Structures are given as C-alpha cells and as structure tokens.
Amino acid sequence: MNQRNLLEVDWSKIPAPSDDGGAAHLPGMAIPPIGLRATDDTMVTLSALSGRSVVFAYPRTGEPGKIALVDDWDMIPGARGCTPQTCAFRDLFAELKAAGAAHVFGLSTQDNAYQTEMASRLHLPFPVLSDEKLELTKALRLPTMEVAGLTLIKRLTLIIDDARITHVFYPVFPPDQNAAEVLAWLKENKA
C-alpha cells in the first residue's frame with residue numbers, strides 16, 4: 001500500500017482499537033531512570049524531569065510516497081494515524097504548554113535517525129524519543145503489538161507528574177483528536 005497522504009484519513013474506514021487492559025497498570029507507576037535519545041540530539045531521562053510531562057506514544061510514523069510496513073497496515077486496529085496524531089500535538093503545542101505541560105514528547109520504537117527526519121519534515125516544536133532498544137517499553141510494560149517482526153508501542157498518551165504516571169489515555173482513537181483530549185484534560189486537572 002502506497003501512503004500518498006499521511007494526514008487525510010477517513011476514520012470511519014479504519015478499525016478502532018479496543019481497550020485490552022494493556023495500560024491499566026500504568027497510573028501511579030514511577031518512571032524508571034532510563035535515558036532515551038531525542039531528535040534534538042540530547043539524551044532525555046523522563047524520571048529526571050520536574051513538573052508535568054506529556055508523552056504520546058505511537059507505533060511508527062510513515063513517509064509520504066513510501067510503501068507501508070505491511071499491506072494491511074490500515075486494517076490493524078490502532079496502527080494508522082501516527083502522523084496525524086503527531087501533527088495535532090505540534091499544532092496544539094503552545095496551548096499544551098500554556099495549560100501546564102512543562103514538557104511534550106513523542107515516543108516510538110523507531111530509530112533516532114528515522115525520527116529526526118520526520119521531526120524536521122513535520123516541523124515539530126518538541127523532541128521525539130527513540131525507545132529502539134525497548135528499554136522503557138519493557139520497564140513500564142507498555143502495551144505493544146508485533147508487526148512484520150517489529151515490536152511497536154500501541155498508541156497511548158502518558159501524563160507524568162514529577163516522574164510518576166498520573167493519567168493514561170488508552171486506547172487512543174481517532175489519533176488526530178488525542179492532543180485536543182489531552183489539552184482538555186490538562187485544563188481540568190491543573191498540576
């Protein structure tokens with residue numbers, strides 16, 4: 001399947017993920033001291049950050065005009081929509097910060113080089129973290145899926161206050177509405 005336009009999606013034709021309980025254990029968990037490479041070429045240790053952080057995780061972003069990871073990518077519940085989700089967080093970045101997010105990060109298991117190209121192409125005002133070695137994913141037991149021999153994080157968003165997960169959005173659908181849902185939650189739940 002050729003991905004001509006990653007942003008124009010008819011969500012009524014995409015299967016929604018169901019809540020499989022894969023994130024039920026996360027609220028209240030402490031973030032482990034694991035450093036992740038960021039697209040701004042720094043190492044970020046989420047457990048060392050003070051204040052409120054928003055971390056939205058997704059399976060993997062695509063590249064316009066490139067072949068999808070597998071032919072039926074759009075039919076895997078929760079797979080489609082990584083670029084629309086990322087762009088929504090980009091577009092609401094200033095509002096998220098104004099609503100109390102000290103830090104905003106994207107997170108996937110894609111390597112840093114791939115993510116850096118994507119962050120530049122999409123003009124992201126926040127870094128994207130690479131958990132390519134699955135260290136944070138395994139430590140937090142994040143919900144994952146196996147596709148084409150790769151372990152991918154299922155789409156979710158973590159609200160982290162001083163290194164502790166205080167809220168989880170899971171499952172996330174449609175992905176392009178997640179940033180607005182997070183913004184509404186931040187406004188209602190000032191840190």
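S130 lies in strand β5, and that residue is a friendly place to start. You are looking at a predicted model, in which local features need pLDDT of at least 70, side-chain atom pairs count only at pLDDT 80 or more, and totals for chains, interfaces and linings use all residues. Residues are numbered from 1 along each chain as its sequence is written, and side-chain values use heavy atoms, with hydrogens and water left out. Helices (H or I, at least four residues) and strands (E, at least two) are DSSP runs, numbered from the N terminus.

**Starting point: S130**
- S130 counts as buried because its relative accessibility is 7%; buried means under 20% relative accessible area, exposed over 50%, and partly exposed in between, with a 1.4 Å probe and protein chains only.
- The side chain of S130 reaches the backbone nitrogen of E132 at 3.4 Å. This is a polar contact, meaning a pair of N or O atoms within 3.5 Å; within protein, one must be able to donate a hydrogen and the other to accept it, and residues adjacent in sequence count only if both atoms are side-chain atoms.
- Not counting residues up to four places away in sequence, S130 touches L36, R37, S108, Q110, D111, N112 and Q115, where contact means heavy atoms within 4.5 Å.

**Helix α3**
- Two of those partners, N112 and Q115, are also buried residues of helix α3 (residues 112-121), together with M118 and A119.
- Seen down the axis of α3, the buried residues fall within an arc of 125°, so they line one face of the helix; the arc is that of the directions from the helix axis to the C-beta atoms.
- On the other side of α3, A113 and S120 are exposed.
- The elements that the buried residues of α3 pack against are β1 (35-38), α1 (82-91), β4 (103-108) and β5 (128-130).
- At the start of α3, a side-chain oxygen of D111 comes to within 3.2 Å of the backbone nitrogen of A113.
- After α3 comes H123, with a positive phi near 55°.

- Strand β6 (residues 144-147) has M145 and V147 on its covered face, and T144 and E146 on its uncovered one.
- β6 pairs with strand β7 (residues 150-153) in the antiparallel sense over four bridges; two strands pair if DSSP finds at least two bridges between them.
- L152 in β7 is the bridge partner of M145.
- Two residues sit between β6 and β7 in this hairpin, and A148 in the turn has a positive phi of about 55°.

**The nonpolar cores**
- A nonpolar core is a set of buried Ala, Val, Leu, Ile, Met, Phe, Trp, Tyr and Cys residues joined through side-chain atoms within 4.5 Å.
- The largest one has 27 residues, of which V54, F89, L96, V104, F126, V182 and L186 touch the most other members.
- At least two residues of this core come from each of β3 (52-57), α1, α2 (93-98), α3 and α5 (178-188), and α5 gives the largest share, five residues.

**The whole protein**
- The protein has five helices and nine strands.
- Its radius of gyration is 15 Å, close to the 16 Å that the globule rule gives for 191 residues, so the protein is as compact as a globular protein of that length. The radius is taken over C-alpha atoms, and the rule is 2.2 Å times the number of residues to the power 0.38.
- Buried residues make up 52% of the 191 residues.
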